[in-house]
Amino acid sequence: MLLTLLQQNLGGPRLYYVIYPSAKAAPSAAQSKAGQDVDNAAGAAAGNEAAPTSTQTYTFAAASGLTASTSYRVAFVWSNGASDSNVVVSDAFSTLSSGTS
């Protein structure tokens, strides 16, 4: 019942993400949802948004707080409040010297 209420309050399934230094291993689903890296430290950026309801290209809100000239990965987890997907990890990417990617 509590999970159903949480789902209703969140408006349905959520897609969580955490951005972390690419040299680190991937975080678990629980860590990703908490915005943490594999060492339980806060990710460089994290958030969640309503999950898409169909197969499509999806664009997240712009991440801020990333360090210039740094290599990162993004871990994604889908959750409906009762169960989580496997963690999906992006290829490494690097920010530009101006701090944008």
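Analyst: In this predicted model, aspartate 37 forms a salt bridge with lysine 24, and the closest N and O atoms of the pair are 2.5 Å apart. Aspartate 37 lies in the loop between H2 and strand S2 (45-50), while lysine 24 lies in the loop between strand S1 (14-21) and H2, so the pair ties together parts that are 13 residues apart in sequence.

Aspartate 39 counts as exposed, with a relative accessibility of 52%.

A further salt bridge links lysine 33 to aspartate 84, with the closest N and O atoms 3.0 Å apart. Because lysine 33 lies in helix H2 and aspartate 84 in the loop between strand S3 (71-79) and strand S4 (88-89), this pair ties together parts that are 51 residues apart in sequence. Lysine 33 is partly exposed, with a relative accessible area of 33%, and aspartate 84 is likewise partly exposed, at 37%. Through shared partners, salt bridges join Lys24, Asp37 and Asp39 into one network, and the count of salt bridges comes to three. As a general point, side chains of opposite charge can pair when their charged atoms come close.

Leaving aside residues up to four places away in sequence, alanine 45 touches Tyr17, Val18, Ile19, Ala63, Ser64 and Leu66.

Strand S1 also contains tyrosine 16, which counts as buried at 11% relative accessibility. Tyrosine 16 and alanine 29 are 13 residues apart in sequence, and their C-alpha atoms are 9.0 Å apart in space. Elsewhere, threonine 95 is found in the segment after strand S5 (93-94), and at 6% relative accessibility threonine 95 counts as buried. The side chain of threonine 95 reaches the backbone nitrogen of serine 69 at 3.0 Å.

The confidence of the prediction should be read alongside these distances. The protein chain averages a pLDDT of 84, and 83% of the residues score at least 70. Confidence is highest in helix H2 (residues 29-33), at a mean of 97, and lowest in helix H1 (residues 2-10), at 41. Over residues 1-10 the pLDDT is below 50, and this stretch has six contacts in the model beyond near neighbours in sequence. Lysine 33, the partner of aspartate 84, belongs to helix H2, the helix for which confidence is highest.

Terms used: Residues are numbered from 1 along each chain as its sequence is written. This is a predicted model: local features need pLDDT of at least 70, side-chain atom pairs count only at pLDDT 80 or more; totals for chains, interfaces and linings use all residues. Side-chain values use heavy atoms; hydrogens and water are left out. pLDDT is the predictor's confidence in each residue, from 0 to 100. Helices (H or I, at least four residues) and strands (E, at least two) are DSSP runs, numbered from the N terminus. Contact means heavy atoms within 4.5 Å. A salt bridge is a side-chain nitrogen of Lys or Arg within 4 Å of a carboxyl oxygen of Asp or Glu. Buried means under 20% relative accessible area, exposed over 50%, partly exposed in between (1.4 Å probe, protein chains only). A polar contact is a pair of N or O atoms within 3.5 Å; within protein, one must be able to donate a hydrogen and the other to accept it, and residues adjacent in sequence count only if both atoms are side-chain atoms.
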